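Trainee: I have a model open and want to learn how to read it. Can we take it feature by feature?

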Amino acid sequence: MTQIQEVFDLYDSMERKNIMLSFKGDMSTDLLTSILQLIENKLDRFGESPKIKRRMFNILVECLQNLYHHIDQPPLAADGKPRPSVIVMIAKNITGYSIITGNYVLNDNAEALKNRLEEINGMTADEVKKLYKSVLADGKMSDKGGGGLGMIDIARKSGEKLDFGFIPFEDGSTFFSLNVKVKQD
Amino acid sequence: MENIKIEGTTKTPNVEFNKETGELIIQGRSIPENSIDFYKPLIDWIDAYALQPAGATTVHMRLEYFNTSSSKCIFDVFKKLESIKKSGKDIAVNWHYEEDDEDMLEAGEDYDAIIDLEFKMVMVPER
């Protein structure tokens with residue numbers, strides 16, 4: 001297959017999935033700011049309601065900051081290999097938007113993350129709200145200042161079940177993907 | 001101890017803390033990657049203020065967005081103020097939210113439920 005064909009296939013696949021923005025690479029604070037600005041402008045142009053704009057913005061901040069803070073270095077990448085990159089895609093569909101992220105985590109951390117996400121998905125909206133308040137009030141804080149509220153907040157603001165998956169690799173790393181849906185009213 | 005006046009940025013809020021008037025204002029977006037860096041000086045200021053607080057303190061929270069990393073720090077700010085209240089001072093919190101911003105109203109109600117301070121929910125027109 002020619003390179004041109006590969007590029008076109010990638011483009012065509014994204015076009016058909018209505019991808020508004022796609023990025024693969026390293027997440028930095030500057031990039032984070034740029035993506036937020038870009039999406040904010042696009043939502044304005046689409047004439048979205050303030051409610052959708054706020055929800056998208058809030059969820060996007062948490063998703064991007066998760067990528068910024070929580071990407072793990074697989075053991076193999078320690079021998080001079082570059083830090084694994086992340087992927088972010090934002091798609092528009094008939095019911096609203098999807099914020100899709102992918103990043104590597106260590107196998108050991110993947111299990112805890114999976115349990116956490118399954119626990120949140122098993123909860124009613126009221127239970128998620130209660131969990132948020134109890135984690136907020138417990139006073140504990142991670143060194144990154146998050147304190148484990150990110151995923152709870154994403155689930156709460158989305159109002160939909162979190163769609164996620166894990167692909168484990170033998171080098172001790174696991175590819176984690178999350179798809180957060182933001183529905184229009 | 002100096003009053004605090006910090007200009008807002010795209011990721012951090014405007015802050016004005018005045019020890020003479022007892023007016024504490026946090027306004028705008030609070031979405032820094034590392035919110036501890038931003039809030040630590042504010043929390044230290046409240047610690048110093050607690051030694052000689054104004055007769056009445058009014059906190060004005062006018063947030064447009066805040067991330068979960070900030071929400072823990074804001075919790076810490078309220079906790080510090082809670083201890084000033086326990087020493088017998090008046091502390092009121094005006095939590096502003098835009099008309100239609102149910103999430104921001106709920107966020108205020110969350111704090112009201114877990115913090116022992118007088119919260120007033122203040123609706124403001126949409127920008």
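Trainee: Which residues does A:Leu60 touch, not counting residues up to four places away in sequence?

Mentor: Keep in mind that this is a predicted model. A:Leu60 touches A:Leu36, A:Ile39 and A:Ile99 once residues up to four places away in sequence are left out.

Trainee: Which residues touch the most other members of the largest nonpolar core?

Mentor: That core has 62 residues. A:Ile59, A:Leu60, A:Cys63, A:Leu64, A:Ile99 and B:Val77 touch the most other members.

Trainee: How do I read confidence? What is the mean pLDDT of chain A?

Mentor: Where pLDDT is low, the predicted coordinates should not be read in detail. For chain A the mean is 88, and 88% of its residues reach 70 or more. Now go by element. Helix H4 (residues 107-121) of chain A has the lowest mean pLDDT, 92, among the elements of that chain. Strand E4 (residues 163-168) of chain A has the highest, 96.

Trainee: On to strands. In which sense do E2(A) and E3(A) pair?

Mentor: The general idea: in a regular strand, side chains alternate between the two faces of the sheet. Here, strand E2 (residues 86-92) and strand E3 (residues 96-106) of chain A pair in the antiparallel sense, over six bridges. A hairpin of three residues joins E2(A) to E3(A). To find the pairing on screen, look for A:Ala91, whose bridge partner in E3(A) is A:Ser98.

Trainee: Which residue is the bridge partner of A:Tyr104 in E5(A)?

Mentor: A:Phe175. E3(A) and strand E5 (residues 173-183) of chain A pair over eleven bridges, again antiparallel.

Trainee: How do I check a helix? What should H1(A) span?

Mentor: At 1.5 Å a residue, the 14 residues of helix H1 (residues 3-16) of chain A should span 20 Å. Its end C-alpha atoms are 20 Å apart, so the two agree. Then check cover. A:Asn18 follows H1(A) and has a positive phi, near 55°.

Trainee: And chain B? In what order do its elements run?

Mentor: From the N terminus, β-β-β-α-β-α-β-α-β. That comes to three helices and six strands. For overall shape, compare the radius of gyration with the value for a compact globule. With 127 residues, that value would be near 14 Å; chain B has 14 Å, which agrees. In chain B, 38% of the 127 residues count as buried.

Methods. Residues numbered from 1 in each chain as written. Chains lettered and ligands numbered in written order. Predicted model: local features only at pLDDT ≥ 70, side-chain atom pairs only at ≥ 80, totals over all residues. Helix = DSSP H or I, 4+ residues; strand = E, 2+ residues; numbered from the N terminus. Rg over C-alpha atoms; globule rule 2.2 N^0.38 Å. Buried ≥ 20, exposed ≤ 12 C-beta atoms within 10 Å, placed from the backbone. Core = buried A, V, L, I, M, F, W, Y, C linked by C-beta atoms within 7 Å. Contact = placed C-beta atoms within 7 Å. pLDDT = per-residue confidence, 0-100. Pairing = 2+ DSSP bridges. Expected span 1.5 Å × (residues − 1).
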